[in-house]
Amino acid sequence: MSAKQESSTPAGKTKKFGKGERQIPHHSQKAKKYYPAEDEVKPRKVRKSIKPAKPRATLLPGTILILLAGRFRGKRVVLLKHLPQGILLVTGPFKVNGVPLRRVNARYVIATSAKVELKGIDSETVEKVGKEGYFAREKKPEKAGEEAFFKQGEKPEKKKVTSPRAEDQKKVDKALLSNIKSEPHLLEYLRSSFSLRKGDRPHEMKF
């Protein structure tokens, strides 16, 4: 079988140049002169594996955090739970400083030394809020062409909080508020917002 394959492949030529020799392959074995104008896209090999995020030692449930970005930046919130990929579940509580149950990236918070006890909090509600899809936006029905055209100049409707979310907020904040009120000056501390002024040195501050 191997002898047949060797006979089928065309043999090259041997040319002599002075004292040396050079093997020239057959024209059928030479490299192609035509190449595609654009490189073929090949799937990129990802060698790095996604590792689970390691929470900071200071980010413990019950710790009061300072938000550094987003709509509620500067507000102080209470950490309830760690979520996957370095996301935190926090609450104001809502009645204290207007911050509802929301998810926050752990990179954009400062952990303070103040803590709140989480005794009596409904753990089932916290687990429910921490699940995927809880904060997903509800799909609105698309308006007809003429109706959308005539409503262009009108003011947008205010967002209404769904009753299940409001009930979950009340369940979580009820026990949390009683724990906050039991400690002196903690309620005023959560109501106040954090800000830097001229001359402040944040690297020398103790939170």
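Me: A nonpolar core is a set of buried Ala, Val, Leu, Ile, Met, Phe, Trp, Tyr and Cys residues joined through side-chain atoms within 4.5 Å. In the largest one here, which residues have the most contacts?
Reply: Keep in mind that this is a predicted model. Its largest nonpolar core has 21 residues. Those with the most contacts inside this core are Leu 89, Val 116, Ile 121 and Ile 180.

Me: And where does the largest share of this core come from?
Reply: At least two core residues each come from E4, helix H3 (123-130), H5 and helix H6 (186-191). The largest share is five residues, and the element supplying them is H5.

Me: What does Ile 180 touch, not counting residues up to four places away in sequence?
Reply: Ile 180 is one of the residues with the most contacts inside the largest core. With residues up to four places away in sequence left out, Ile 180 touches Pro 93, Val 116, Leu 186, Leu 187 and Leu 190.

Me: How many residues are in the other core, the one lying apart?
Reply: Phe 72, Val 77, Val 90 and Val 109 are among the members of that other core. In soluble globular proteins, nonpolar side chains tend to be buried together.

Me: OK, zooming out: how many helices and strands are in the chain?
Reply: Going from the N terminus, the elements read α-β-β-β-β-β-α-β-β-α-α-α-α. The totals are six helices and seven strands.

Me: Which strands stand at the edges of the open sheet?
Reply: The open sheet has five strands in the order E6-E5-E4-E3-E7, with antiparallel pairing. An edge strand here has a single partner strand, so one side of it is left without a neighbour in the sheet. From one strand to the next, the twist averages 50°. The two strands at the edges are E6 (102-105) and E7 (109-115).

Me: Over how many bridges do E4 and E5 pair?
Reply: E4 covers residues 76-83 and E5 covers residues 87-91, and they pair in the antiparallel sense. Within this pairing, Val 78 has Thr 91 in E5 as its bridge partner. The number of bridges between E4 and E5 is five.

Me: What angle does the direction of helix H5 make with that of E5?
Reply: Helix H5 spans residues 163-182 and packs on the sheet, touching E4 and E5. Its direction and that of E5 make an angle of about 70°.

Me: How many residues of strand E3 are buried?
Reply: Thr 63, Leu 65 and Leu 67 point one way from E3, while Ile 64 and Ile 66 point the other way. All of these are buried. For E3 (residues 63-67), the tally is five of five.

Me: Which residue in E7 stands opposite Thr 63?
Reply: E3 has partners in both E4 and E7: three antiparallel bridges pair E3 with E4, and four join E3 to E7. On the E4 side, Leu 65 stands opposite Val 77. On the E7 side, the residue opposite Thr 63 is Lys 115.

Me: Is Asp 168 buried or exposed?
Reply: Asp 168 sits in helix H5. Buried means under 20% relative accessible area. Asp 168 has a relative accessible area of 3%, so this residue is buried.

Me: Which residues is Thr 125 in contact with, leaving aside neighbours within four places in sequence?
Reply: Thr 125 lies in helix H3 and counts as buried at 4% relative accessibility. Its C-alpha is 7.1 Å from that of Val 172, although they are 47 residues apart in sequence. With neighbours within four places left out, the contacts of Thr 125 are Asp 168, Lys 171 and Val 172.

Me: Last one: which element has the lowest mean pLDDT?
Reply: The chain averages a pLDDT of 81, with 82% of the residues scoring at least 70. Where pLDDT is low, the predicted coordinates should not be read in detail. E3 has the highest mean of the elements, 94. The lowest mean, 52, belongs to helix H1 (residues 2-8).

How values were computed
Residues are numbered from 1 along each chain as its sequence is written. This is a predicted model: local features need pLDDT of at least 70, side-chain atom pairs count only at pLDDT 80 or more; totals for chains, interfaces and linings use all residues. Side-chain values use heavy atoms; hydrogens and water are left out. Two strands pair if DSSP finds at least two bridges between them. Axes are lines fitted to C-alpha atoms, for helices over the stretch in contact, and angles run from 0 to 180 degrees between N-to-C directions. Contact means heavy atoms within 4.5 Å. Buried means under 20% relative accessible area, exposed over 50%, partly exposed in between (1.4 Å probe, protein chains only). pLDDT is the predictor's confidence in each residue, from 0 to 100.
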